[in-house]
Every structure is written in C-alpha cells, then in structure tokens.
Amino acid sequence: MRVISAGTHPAFDVFQQWDGAADSALPAAIGLAWHVELPEDVNSARAYLDEQARRSRAAQHALPAVDAALLRDLDDIRARGFRYGFAGDTASAAGNPRSVLAAAARFDMTGETFALWDRLPLNRQAVESVVERLGRWSEQVQQAMTLTALVDSRTAGAWIASSRVDWAGNVDTRWNAAASANRQQLHAAVLEQVLATRQNWLRFFLQVTAGAVRVGAVLASGPLSPVAIWAAWNYVQAVIGEYQTLAAGMPEAN
Amino acid sequence: MSELNDEPLVSFNGINGATGEYLTPPTPVEQVAAAARNLSWRREHLDDLRGRVFDTAQAMSVLPQFGDGSDIQRVGWGVIFPASARPEHVDAILAALEPLIHLRKQAAGKRFRIYQGGDGFRWIDGRPETKNDWITRHGASVGPVDPDVIPFHLLIVADPQSIPFQFQYELDVQHSVGRIYFPRLADYACYARSVVDAETGSVRLARRAVFFGTAHAGDGATQASADHLVKPLHEHVSRLSADFSMGWSSELVLPGDADRATLKTLLGGSQTPAFLLTATHGMAWPYQHNRQAGEQGALVCQDWKGPEVEKVKRSHYLAAADLPEGNSLAGSILFTFACFGAGTPYWDDYAIAQNTARTALAARPFLSQLPLRLLANPAGGALAVVGHIERAWTHSFQWGKLQSQIQAYQSMIYHLMDGKPIGVAMDDMNVRYAQIASQLSNNLQELKFDPQAVSPYQVAFEWAAANDARGYAVLGDPAVRAAVGPPETRQDTRPVLLISQAFMGALPVVLDQEALLALSQEEQRLAGQADQELIDAHGAFAVPQAPPADGTADRQPSPGNDLPGSAQAPRQEMRSSSSTSQPRTGGTPYTSVVDGLAFALQQYDTAGAESFNLRDDAREKIKSIVTGLNNALQNLARSMEKLTADAATLTVTTSVSDLSGEAQAGGTDLRYRTNINLLGDMNVLVPRSADASDEALLALHTEMVRLALENRIAFLKTIGDTVVQIFGAPKGDG
C-alpha cells in the first residue's frame with residue numbers, strides 16, 4: 001500500500017502501514033494519492049486487507065485513550081515528585097510511554113549534564129528530528145483533511161476502481177466495468193482502509209499537539225517546546241504500541 | 001588490583017540500575033522560576049556576590065595593600081576546625097599536619113591562625129552557622145579580606161557535614177579556601193609532607209600541562225567538553241606560554257586515547273604532569289548505594305563506548321581503588337571536571353520537584369574518595385585537586401548559543417603557570433559565580449514587580465548556571481602552587497616520601513558532634529556503621545560515642561523513613577516565603593490546551609524562544625509548526641462549521657468506466673448518486689433503465705454510501721472530541 005504526496009517530500013505513515021512516496025506530477029487539487037496493489041488471488045487479498053483493518057482498529061481504539069493516559073501519568077508525576085520505578089524497563093522510548101515522559105522531564109535544553117545518571121535516550125539531534133517530522137506530518141495531515149484524496153485499487157496490475165474523497169467526505173467512485181464483483185468488493189475494503197487511516201492520522205496529530213502542550217506545561221520545557229513535542233510524539237506511539245501488543249494477543253470484540 | 005566482575009552497572013535513560021528509580025524530580029521551567037523566586041538567598045551572601053561584581057572596592061578579594069594574595073606573609077593562613085569536634089581528634093590531626101602547620105606558621109607569622117574549639121565553626125540549635133556569623137564572631141564583615149583580622153588563605157579541616165559546603169562556597173567568594181578531610185590520621189601526615197617537600201625544593205617538576213578529555217559517541221556532554229573546553233584550553237596554554245615565554249608545554253590527550261590506562265599514567269604514573277585537567281563524566285550512585293561512598297565521582301574514561309552501544313561497566317571508570325600504588329603525584333595540581341568530582345552534598349541542588357520538595361542524594365554529605373586518595377598518596381600526594389561538588393553542566397563553558405566561554409578557566413591556568421597559589425588562581429571562577437548569581441538575583445527582583453520582565457527559561461538557565469558555577473571547590477591547601485622548576489627543567493624530581501609511622505587509626509566520618517546529631521537517627525546509625533568499617537580497616541583511633549536518641553532532626557525531617565535498612569531518600573518540602581507566590585493549579589499553569597498553544601505562539605515571537613538553545617533553522621521550523629498547528633485547528637473548526645451547516649450534504653456517486661487513471665469526462669458513465677443532508681434525508685438517483693449488472697453495482701454504491709456516512713460521522717466525532725480536549729469541556733451553569 002502506498003501513499004503518495006504531491007511535491008518532493010515523500011508522504012509517511014506514522015502507523016507504518018503505508019509506504020510513502022512523492023510525485024510532483026499529482027494535480028494540485030489532489031492532497032494525497034493512495035495506491036493499493038493487491039495479490040491476484042482474491043482470498044489472499046482479502047486476508048491482507050483484513051489484517052490491515054485489524055491494525056487500524058487497534059490504533060483507532062488506542063488513540064482516544066492517549067489523552068486520559070497522559071493526564072494520568074502527568075498527575076502521577078506531580079503527585080509523587082517523579083519517583084517512577086523503572087526497574088527492568090528498556091531504554092526504548094517506543095516500548096514504554098512513561099519512560100518517554102521520564103526522559104523529557106530530565107532533559108535540560110539549557111545545558112548538558114556530566115552526571116551519568118542523568119543520561120537520557122535522547123539528544124538534541126533526536127529532538128530536532130522529531131520536531132521536523134511533526135512539521136511535515138502537520139502539513140500532510142492538513143493535505144489529507146483539506147484536499148481531495150485519490151484512492152486507486154489494482155490487482156496484478158489490472159485496475160479495479162478509483163475513488164475521490166474530498167475533505168467533507170463526499171465520495172465519487174469509478175469502477176472498472178470489466179472487473180469481477182469479488183475484485184470490486186476489494187476496492188470497498190481499500191477505501192474503508194484509507195478512510196480509517198485518515199481518521200487515525202487526524203487523531204494522532206491532535207493527540208500529539210494536545211500532548212505536547214500538556215507535557216510542556218508540566219515538565220521541564222514549556223508548551224510545544226522541542227522536548228515536549230518529542231515527548232508527545234513518542235508517548236502517543238508508545239501507548240499505541242502497548243495497545244497493539246495487548247490486542248494482538250486477544251480476540252477482537254465484535 | 002584485580003578487576004571486579006565486568007557487569008553492567010548503570011543503565012541510561014536516567015534510570016539507576018541498582019534501584020530502578022530516578023533520583024531527581026523534574027524541573028519544570030515555570031516551577032524552577034517560581035522556586036527561584038522563593039529562594040531565601042541570604043542577604044549577606046547576596047551582598048558578597050554583588051560586591052564582587054559591582055563594587056570596585058570589593059573587586060579585589062583582599063585589601064589591596066596586602067597584594068594579590070600570593071604572599072602568605074602578607075595575607076596570612078589559617079585552619080578551621082569544627083567547634084564541637086573532640087579535642088583529641090583535632091590535636092591528633094594537628095600533630096599529623098605539623099610539618100605543614102610549621103611551614104605556614106613560619107611564613108604567615110602574626111597572620112597565622114588556628115580556629116578550633118569555640119573559635120571553630122559552630123552548629124547552633126541544630127543549624128550550622130553562616131559564613132557571616134563566623135566572620136563576624138572573629139571581627140570581620142562583608143567586603144575585602146583584612147588579613148590582620150582573618151587570614152586570607154583558609155584551610156577547612158572537616159567533613160562536609162561538620163562544616164557544610166555552603167560555608168565553603170560563601171567563604172570562597174572573598175577568601176582563598178581549600179578543604180581536606182581524610183579517613184585516616186596517616187593521610188594527614190602524607191599530605192603535609194607532600195606539601196612541605198614541594199615547597200622546600202625537594203620536588204621540581206617540568207613545566208608541563210596535560211589536558212585529558214573524553215568524547216563518547218552519542219554523548220552530547222563530553223562531545224561538548226572535548227570541543228569547547230579541553231581542546232581550546234590546551235591551545236590557549238600553548239599560545240600563552242609562547243607569547244609570554246612562560247616555558248610551559250601543553251599536551252592534549254585526544255578522546256581516542258583518553259582511556260583508563262592512559263589516565264593512570266597521568267595520576268601518579270610515569271606521565272604525571274605538573275598540571276592536569278580532565279573533563280569526563282563522573283559516576284553517581286543513588287542514596288545509600290553500597291558503591292556511593294567509594295566510587296562517587298569516579299572518572300569515566302573513553303573505554304566506555306557511549307550510551308548507544310553499552311552501559312557503563314566497572315572497567316570503564318577510574319576510582320580511588322584503581323590508582324597505582326607506589327607512584328608519586330608530588331608537586332602536581334589537578335583539575336577534574338566531572339560530576340561529584342570533589343564531593344556530594346546532602347540535598348540534590350537541582351531537585352525542585354514541582355516547586356514542592358527536594359530529595360537527599362546521600363545519607364550525609366561527603367568528599368569523593370578519588371581526590372582524597374590523590375592528595376594523601378603515600379608515595380607523594382598531589383598538592384591540590386579542584387573538582388566539582390554536585391553535578392557539573394555545560395553551563396560551565398557554554399553560555400546559551402555561545403561556545404567555548406572559558407575565560408575563567410584561562411585565568412585560573414594562567415595564574416597557576418605564573419606561580420600563584422591555587423586559591424588565588426581560582427578567584428576568577430569565584431567572580432564568574434558572583435556575576436551569574438547577581439544577574440539571577442536582579443532578574444528575580446524584577447519579576448516580583450513584573451512577571452513578564454524575564455522569560456522563565458532565562459531564569460531557569462541562570463539558576464542552573466549559578467549552581468554550577470558555585471560548585472567548584474579546592475581540595476587541599478589553597479596556598480599551594482605547582483612545584484615546577486625553571487623553564488629549562490626537563491625531568492621531574494619527586495623524592496620518595498618519608499612518613500612517620502606514628503600516626504595510625506581512623507577518624508570518624510563526621511567530626512563534629514553537633515553536626516552528627518543534626519542527621520536523622522537512621523543516618524546517624526549509618527555514620528556509626530561507616531566509622532566501624534574504617535576502624536576495622538585502619539584501626540581504632542577514638543570511637544565517637546553514639547549520640548543519644550533525639551528526634552529533633554530538624555534539617556531532614558523524615559517521618560517513616562527511619563526504618564533500619566531503608567533506602568528511601570528523605571524529602572524536604574519547600575515552604576513558600578512569599579504570600580504573593582504564584583498560585584498553582586495542580587502544577588499546570590494552563591487551564592486548557594488552547595491556552596498553552598497561545599502561550600507557545602507568544603513564546604516563539606519573543607525572546608523566550610532563545611532559551612530552547614536550538615539552531616536558528618530548527619527554531620524557525622518549530623515556529624512554523626506551531627503556526628501550522630494553530631492553522632490546522634482553525635481549519636478543523638471551520639470544517640465543523642461547514643459540516644454542521646443546514647446546507648451541508650453528503651454526496652456519493654458511482655460511475656463505470658473502461659479507463660483507469662484520473663477521472664476523465666469521456667468514457668465514464670454515471671450510474672448512481674445519493675445525497676444525504678444533515679437531517680438524514682436521502683435522495684438517491686438511479687438510471688432510467690437498469691439491467692442485471694446494475695444490481696451488483698447498486699450493492700457497491702450502497703457500500704460506498706455506508707462508508708461515506710461512517711467517515712463523516714467519525715470526522716464530526718473527532719472534531720467534537722478535539723473541541724473538548726483542546727478548548728476544555730463546557731462548564732455547567734454555576
């Protein structure tokens with residue numbers, strides 16, 4: 001699955017379900033083009049799309065919980081004076097949301113400390129790269145939400161259908177008259193996946209924005225400071241990662 | 001000495017591998033600024049600091065008729081003991097120090113003093129006296145030193161619980177101050193003999209300076225110190241010596257060579273120079289950890305590959321126990337830039353947790369073992385070791401975006417090269433502290449009247465920088481100077497030290513009885529345990545009587561923490577000293593996310609953004625992001641408005657085509673169209689004539705309608721949730 005942005009910067013998917021690309025030849029009215037090349041075998045294609053849908057649903061369920069989790073963790077920091085027990089936690093920010101906050105709390109943008117116990121898994125370059133990423137993400141989400149999306153489904157190179165979805169959700173679909181009904185159904189599943197992804201993108205963007213303000217207000221940095229952005233970006237991903245890990249081991253509720 | 005098991009000892013991420021806990025609460029900028037406003041700076045100390053900066057009469061630390069402080073005969077020399085130390089301990093220490101005492105007394109003449117007993121440093125009602133209390137008792141006041149009243153050079157002989165680091169900092173503003181406190185009586189004899197040998201011509205060293213700095217991959221702190229402290233200082237010394245024909249050579253140990261084996265050669269080994277400056281990480285251990293007493297401040301060498309590769313192991317750092325035996329550091333002066341390189345205070349200087357509390361770093365403040373061992377080396381000790389109390393920061397040599405702000409270091413090294421005593425050489429480091437602290441004090445004063453006068457980021461920066469600047473301490477006699485020969489000296493002459501075996505036995509870890517009582521019961525117990533360990537290792541001197549149980553641990557109230565074996569570091573709550581202190585709303589100065597967003601936008605339009613200390617292009621990116629976020633939220637609000645307008649309609653169309661690619665007018669046959677308005681009224685347009693294939697197409701169209709509706713609803717829900725989350729939930733009627 002590929003998501004393509006107009007211009008020179010490739011699009012990217014924070015949930016890593018879509019490969020990113022750029023195409024300067026895209027018409028200006030098209031915000032993002034979503035191209036899906038499915039396996040020729042319909043059952044395999046369906047199974048692939050089902051798996052993508054499951055992952056999207058996990059993110060969709062996790063995202064609304066982020067704000068509450070963040071508020072709870074920040075309240076915990078305020079109340080306990082920051083005495084988290086992190087024994088056994090890894091240094092990976094993606095693995096543990098609270099360790100992200102811990103790292104942000106200890107990071108002093110005004111200077112570097114020579115105390116080894118203050119060593120953190122982030123440095124100025126890491127912070128700045130996340131800030132840059134959020135900048136591009138912000139533009140991409142705005143493209144997704146304000147311009148028209150073009151969704152194109154193919155199987156074994158043969159075109160199935162194309163849909164245009166504008167910012168208000170109006171949908172205009174062209175179907176290949178020669179495509180079988182089974183293949184045409186696959187496009188519906190692809191469109192559903194694109195719409196779910198756009199929703200998740202928007203929620204992720206809003207969670208990171210709100211999160212960066214909240215984190216910055218409570219910890220060392222100030223709202224939307226670089227460290228707060230870094231913390232929010234990684235915190236949201238860590239919460240989703242935790243949820244996806246949990247969800248992978250459990251049957252989905254109907 | 002055999003290596004300990006090479007196992008990972010400290011994990012990163014700010015996590016201590018021993019306890020799994022963080023030791024320092026967060027330092028929110030707003031809270032730091034607020035806490036700084038509540039700091040009770042002693043008026044006298046502030047006057048000292050401001051005087052050094054603003055009063056030309058106090059610009060010199062000693063009255064001008066006595067010179068610059070280099071001549072002991074003119075400026076005097078004294079020793080300060082704790083007032084409530086046992087007389088037999090003080091007498092024994094003085095006896096062990098006798099060669100040094102005699103030398104200084106001869107030089108200082110009538111300006112020689114020993115402050116012991118009632119003249120020593122006092123604890124009164126469980127509180128240590130201040131510097132000004134002490135000097136006032138002895139007839140002096142704030143201002144330049146009058147050596148006829150109190151000598152200029154002062155050696156504190158006490159542990160930092162008995163005579164606090166705070167006293168040393170404050171005294172050091174005007175005086176030339178050093179400190180020693182060794183665990184064994186024999187160490188005093190070693191040190192005294194080392195100093196006397198150096199100053200009576202037995203030691204002659206080549207004029208050689210070495211600069212040793214690590215730079216671990218992925219570690220910003222040591223990369224900065226290598227590039228902006230160590231290398232520039234080496235170049236400065238080379239240039240200075242050539243320009244002024246001072247006869248010094250300078251060597252730079254590049255990070256790639258700055259390993260533990262090399263450092264050993266420089267600390268008593270074959271390559272020990274007259275002056276050595278090291279810049280490395282210092283090891284740190286949590287409250288009551290069994291490695292803390294022996295290895296706090298140990299120097300992390302280049303053997304450690306960096307945080308992205310591995311955790312620090314025992315073989316990566318050099319501690320007191322690793323020093324080669326039998327080699328001499330006689331005549332040398334060392335400067336170690338490392339966290340806890342000189343010592344560890346009781347309270348964490350940087351722990352202003354949510355403007356409420358601070359936590360203890362150690363069961364009692366202590367001096368680091370590595371410098372003490374260097375000073376008391378049985379084969380010939382260093383004359384002085386300058387190190388850092390508490391953590392060291394890049395504020396020491398960087399200021400905001402300015403790199404290599406090392407003027408104070410340059411001054412210190414110049415004075416040493418010029419033959420000045422280390423206490424005099426350190427004066428510009430003191431002036432730097434005074435400048436930063438005065439600036440901070442002025443800004444805090446302004447903030448009382450105009451909360452917008454100074455950015456909280458600036459306050460937080462200056463606060464950290466002031467703490468950092470204050471933390472440099474001389475361990476050793478402040479009147480010593482590097483024992484170098486004439487410029488043509490090429491070989492070092494370091495005689496074997498001859499020490500009397502008469503001085504045996506251990507001294508208590510806390511010398512002053514009143515100071516010991518100020519600790520909590522558990523900490524007193526730990527001090528007693530440490531005393532016993534020293535006695536077991538070095539033999540008894542005089543075991544202090546266990547103090548009577550007394551619950552008046554006023555300085556470190558720790559209800560519930562006095563359990564045997566408890567590793568819970570005591571916390572002390574901050575009390576606001578001002579009725580106008582900033583009101584707190586659960587620690588969050590913003591009532592909603594949108595308020596925070598507005599504040600952020602304002603910050604990026606003001607000097608506040610400077611404090612992020614980013615590259616200019618990075619800061620511009622963030623500003624554009626913040627603006628972009630603001631625009632995105634406004635777009636969402638407009639979208640919500642449009643979608644919920646009466647005329648809003650959802651339209652779904654289905655066509656068939658033989659052609660793929662972008663929509664083309666030709667070759668596309670529109671089949672179905674559905675319009676749904678806000679109220680749910682649906683309008684479906686179908687072909688006039690339908691065939692069998694249309695049934696399947698209609699099913700697809702219906703599916704598209706379902707997807708479009710669900711998407712519209714989800715979009716509205718997201719916007720609605722956003723409004724609540726970002727703007728705050730609407731309040732009910734009061």
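## A salt bridge within one helix

Asp197(B) forms a salt bridge with Arg193(B), and their closest N and O atoms are 3.6 Å apart. A salt bridge here is a side-chain nitrogen of Lys or Arg within 4 Å of a carboxyl oxygen of Asp or Glu. Both residues sit in helix H9 (residues 185-199) of chain B. They are four residues apart, about one turn of the helix. Helices (H or I, at least four residues) and strands (E, at least two) are DSSP runs, numbered from the N terminus.

Asp197(B) is buried, with a relative accessible area of 11%. Arg193(B) is partly exposed at 26%. Buried means under 20% relative accessible area, exposed over 50%, and partly exposed in between (1.4 Å probe, protein chains only).

## Basis of the model

This is a predicted model, in which local features need pLDDT of at least 70 and side-chain atom pairs count only at pLDDT 80 or more, while totals for chains, interfaces and linings use all residues. Residues are numbered from 1 along each chain as its sequence is written, chains are lettered from A and ligands numbered from 1 in the order in which they are written, and side-chain values use heavy atoms, with hydrogens and water left out.

## Other charged pairs

Side chains of opposite charge can pair when their charged atoms come close. Over all chains, the whole structure holds 26 salt bridges. One of them joins Glu129(B) to Arg137(B), with the closest N and O atoms 2.6 Å apart. Glu129(B) is buried at 5% relative accessible area. Arg137(B) is partly exposed at 30%.

Asp492(B) pairs with Arg494(B) in another salt bridge, at 3.4 Å between the closest N and O atoms. Asp492(B) is partly exposed, at 33% relative accessibility. Elsewhere, salt bridges link Arg260(B), Arg291(B), Glu295(B), Arg314(B) and Asp322(B) in a network.

Asp468(B) belongs to helix H17 (residues 456-470) of chain B. This residue is buried yet has no salt bridge. Its nearest side chain of opposite charge is Arg432(B), 4.8 Å away. For this search, Lys and Arg count as positive and Asp and Glu as negative; His and the chain ends are not counted.

The side chain of Asp468(B) does make a polar contact with the side chain of Ser396(B), at 2.3 Å. A polar contact is a pair of N or O atoms within 3.5 Å; within protein, one must be able to donate a hydrogen and the other to accept it, and residues adjacent in sequence count only if both atoms are side-chain atoms.

## Helices of chain B

Helix H8 (residues 165-174) of chain B has nine of its 10 residues buried, so it is largely enclosed by the rest of the structure. Among the buried residues of H8(B) are Phe165(B), Phe167(B), Tyr169(B) and Leu171(B).

Helix H19 (residues 521-538) of chain B has 18 residues. At 1.5 Å a residue they should span 26 Å, and the end C-alpha atoms are 26 Å apart, which agrees. The expected span is 1.5 Å times one less than the number of residues. The buried residues of H19(B) include Leu526(B), Ala530(B), Leu534(B) and Ile535(B). The buried residues of H19(B) pack against helix H18 (513-517) of chain B, contact meaning heavy atoms within 4.5 Å. Just after H19(B), Gly539(B) takes a positive phi of about 95 degrees.

Leu370(B) lies in helix H13 (residues 369-375) of chain B. At 5% relative accessibility, Leu370(B) is buried. Leaving aside neighbours within four places in sequence, its contacts are Leu299(B), Leu318(B), Ala319(B), Ala320(B) and Leu323(B). Leu370(B) and Leu323(B) are 47 residues apart in sequence but 8.4 Å apart in space, C-alpha to C-alpha.

## A buried histidine in chain A

His187(A) is part of helix H4 (residues 181-218) of chain A. At 0% relative accessibility, His187(A) is buried. A polar contact of 2.8 Å joins its side chain to that of Ser163(A). Leaving aside neighbours within four places in sequence, His187(A) has contacts including Val151(A), Ile160(A), Thr173(A) and Trp175(A).

## The two chains overall

Chain A has five helices and six strands. Their order from the N terminus is β-β-β-α-α-α-β-β-β-α-α. Of its 254 residues, 62% are buried.

Chain B has 22 helices and 24 strands. Of its 734 residues, 57% are buried. Among its contacts between residues at least 6 apart in sequence, 77% join residues at least 24 apart.
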